[in-house]
Amino acid sequence: MNPSPLPSNYTDLVNLYGQPSQAGFGSAVFDEIIEPGTDLEPIALRYYQHFVGKLWEQFGADAWMSTWKQVYARTGDVTPDIVAELRAIADPAAAHFVPVLLLADTDDRTKAEQALAAVFDNSQVSDLRVYAIGDGAALSGLLVAGYRPNEITILISLID
């Protein structure tokens, strides 16, 4: 992994969702410089495995990959609005987790929506994908990956 320092306008996202970690629970934000044209999915998967850390080996890749699937991809005809896009996810299991990711039941809901918009609605974001994640049992969540020129930002949120 080749982490890059997050630009200052990403501070709110990191403050709300956390620094890069291998906690395997909660949330974290990752940022990496990548080559143009790089497929986002293998990078997102690598960070998912990194975030889960020791639990990946403990429960096995089959468990962690049992829920891995892309549940949303922004198309060119969509006006960037990450909050609306997350709320419109059709997959029932992933949609169930969206209010948690948006911090809907907290005092930080407005801050979360603003921080997500500042990062993922940026005009330079040319590829945005959302993946369902979890261990197939107790833990579930979402991974949001956004690409802007030569950089990927990943937000992982995984809870029970």
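Q: What should I know about the model before we start?
A: The model is predicted: local features need pLDDT of at least 70, side-chain atom pairs count only at pLDDT 80 or more, and totals for chains, interfaces and linings use all residues. Residues are numbered from 1 along each chain as its sequence is written, and side-chain values use heavy atoms, with hydrogens and water left out.

Q: OK, helix H2. How far apart are its end C-alpha atoms?
A: They are 18 Å apart. H2 covers residues 40-52, and its 13 residues should span 18 Å at 1.5 Å a residue, so the two agree. The expected span is 1.5 Å times one less than the number of residues. Helices (H or I, at least four residues) and strands (E, at least two) are DSSP runs, numbered from the N terminus.

Q: Which residues of H2 are buried?
A: Leu 40, Ile 43, Ala 44, Tyr 47, Tyr 48, Phe 51 and Val 52. Buried means under 20% relative accessible area, exposed over 50%, partly exposed in between (1.4 Å probe, protein chains only).

Q: What covers them?
A: The cover includes strand S1 (26-33), helix H3 (54-59) and strand S5 (151-159).

Q: And what follows H2?
A: Gly 53, with a positive phi near 60°.

Q: New topic. Is Arg 129 buried or exposed?
A: Arg 129 is buried, with a relative accessible area of 15%. It lies in strand S3.

Q: Which side chains does Arg 129 make polar contacts with?
A: Its side chain meets that of Asp 127 at 3.0 Å and that of Tyr 131 at 3.5 Å. A polar contact is a pair of N or O atoms within 3.5 Å; within protein, one must be able to donate a hydrogen and the other to accept it, and residues adjacent in sequence count only if both atoms are side-chain atoms.

Q: What about Arg 87, buried or exposed?
A: Arg 87 is exposed, at 51% relative accessible area. It sits in helix H5 (residues 82-87).

Q: Last one: how many residues are in the largest nonpolar core?
A: There are 29, and Tyr 17, Leu 86, Leu 116, Phe 120 and Val 144 touch the most other members. Helix H7 (109-120) is one of the elements that each supply at least two residues. H7 gives the most, with 5 residues. A nonpolar core is a set of buried Ala, Val, Leu, Ile, Met, Phe, Trp, Tyr and Cys residues joined through side-chain atoms within 4.5 Å.

Notes
Contact = heavy atoms within 4.5 Å.
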